[in-house]
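Reader: I have a model open and a few things to ask. Can we go through it together?
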Amino acid sequence: MSPVDAGGPALFIGTGTDYVALVRPELDPADPGVRQAAEQAGVTPEEFAGAGDTWAVLIEHDGEGGGFELPGVRDTEPADFAERLRAELAAATGGPFTVDGGALLRLDARPAGADAYAFTAHVTPPEDPSDEDAGTPLTVETGPLPVAGLLADLDAFLGSLA
């Protein structure tokens with residue numbers, strides 16, 4: 001279950017306190033919070049909400065959260081990552097596996113009890129000259145996650161992209 005409502009396609013891997021997520025947020029210009037934020041930013045709610053086509057990676061670990069945008073990422077790339085993760089989980093033989101999402105994200109999975117896996121997410125934000133922490137690799141450890149729940153979440157995510 002997603003700990004954050006992105007309003008668009010979202011894949012969360014982890015718990016409410018330790019997770020990595022691929023999201024494509026969609027803001028509703030009619031939402032009172034969006035309207036207030038737009039007013040504070042000095043733009044229209046429509047401008048503030050934007051096109052809703054920019055993917056982002058969100059992370060949360062030990063109460064510390066963050067994230068970064070993935071400009072230029074098309075729906076096919078997160079879909080491919082989710083399909084590969086789904087295939088590994090469906091074929092899981094009880095051993096560890098890795099799903100590589102390129103330079104920004106890699107998941108290492110290891111068995112964590114009956115019909116469950118724990119993940120180590122290796123996340124590397126893109127370089128950004130205005131942010132001294134950008135490009136610094138981050139690691140997020142999840143607790144055990146039931147395979148059946150992950151498969152259902154992956155199916156829902158892939159269905160939201162169809």
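**Cavity, core and a few residues**

Author: This is a predicted model. The count comes to 1 cavity of 30 Å³ or more.

Reader: What volume does the largest cavity have?

Author: About 30 Å³.

Reader: Which residues line the largest cavity?

Author: Leu-11, Ile-13, Val-20, Ala-21, Leu-22, Phe-81 and Leu-105. By class, that lining has 7 nonpolar, no polar and no charged residues.

Reader: Which strand gives the most to that lining?

Author: β2 does, with 3 residues. Strands β1 (10–14) and β2 (19–23) each supply at least two residues.

Reader: OK, packing. How many residues are in the largest nonpolar core?

Author: It has 33 residues. Val-20, Leu-85, Leu-89 and Phe-119 have the most contacts inside it. Helix α4 (residues 147–161) provides the largest share of this core, 7 residues. There is also a second, separate core of 5 residues, which includes Phe-12, Tyr-19, Ala-21 and Ala-56.

Reader: Back to Val-20. What is Val-20 in contact with, leaving aside neighbours within four places in sequence?

Author: Its contacts are Leu-11, Phe-12, Ile-13, Val-57, Leu-58, Ile-59, Leu-105, Leu-107, Ala-121 and Val-123. Val-20 also lines the largest cavity.

Reader: New topic. Where is Thr-120?

Author: Thr-120 sits in strand β7 (residues 116–123).

Reader: Is Thr-120 buried or exposed?

Author: Buried. Its relative accessible area is 9%, and buried means under 20%.

Reader: Which side chain makes a polar contact with the side chain of Thr-120?

Author: That of Arg-110, at 3.1 Å. Beyond four places in sequence, Thr-120 is in contact with Arg-106, Leu-107, Asp-108, Arg-110, Thr-139, Val-140 and Glu-141.

Reader: And Asp-115, where does that lie?

Author: In the loop between β6 (105–111) and β7. Asp-115 is exposed, because its relative accessible area is 65% and the cut-off for exposed is over 50%.

Reader: What is phi at Asp-115?

Author: Near 55 degrees, a positive value in a residue other than glycine. Most residues other than glycine have a negative phi.

Reader: Last one, helix α1. Which residue caps its N-terminal end?

Author: Asp-31 caps α1 (residues 32–41). A side-chain oxygen of Asp-31 lies 2.8 Å from the backbone nitrogen of Gly-33.

Methods: Residues numbered from 1 in each chain as written. Predicted model: local features only at pLDDT ≥ 70, side-chain atom pairs only at ≥ 80, totals over all residues. Heavy atoms only, no water. Helix = DSSP H or I, 4+ residues; strand = E, 2+ residues; numbered from the N terminus. Buried < 20%, exposed > 50% of the residue type's maximum accessible area, 1.4 Å probe, protein only. Polar contact = N/O pair within 3.5 Å; in protein donor to acceptor, adjacent residues only side chain to side chain. Contact = heavy atoms within 4.5 Å. 1 Å grid on protein atoms, 1.4 Å probe; cavity = no way out; pocket = protein on both sides within 12 Å on 5 of 7 lines; lining within 4 Å. Points joined across faces, edges and corners; volume = space filled by probe spheres on them. Nonpolar A, V, L, I, M, F, W, Y, C, P; charged D, E, K, R; others polar. Core = buried A, V, L, I, M, F, W, Y, C linked by side-chain atoms within 4.5 Å.
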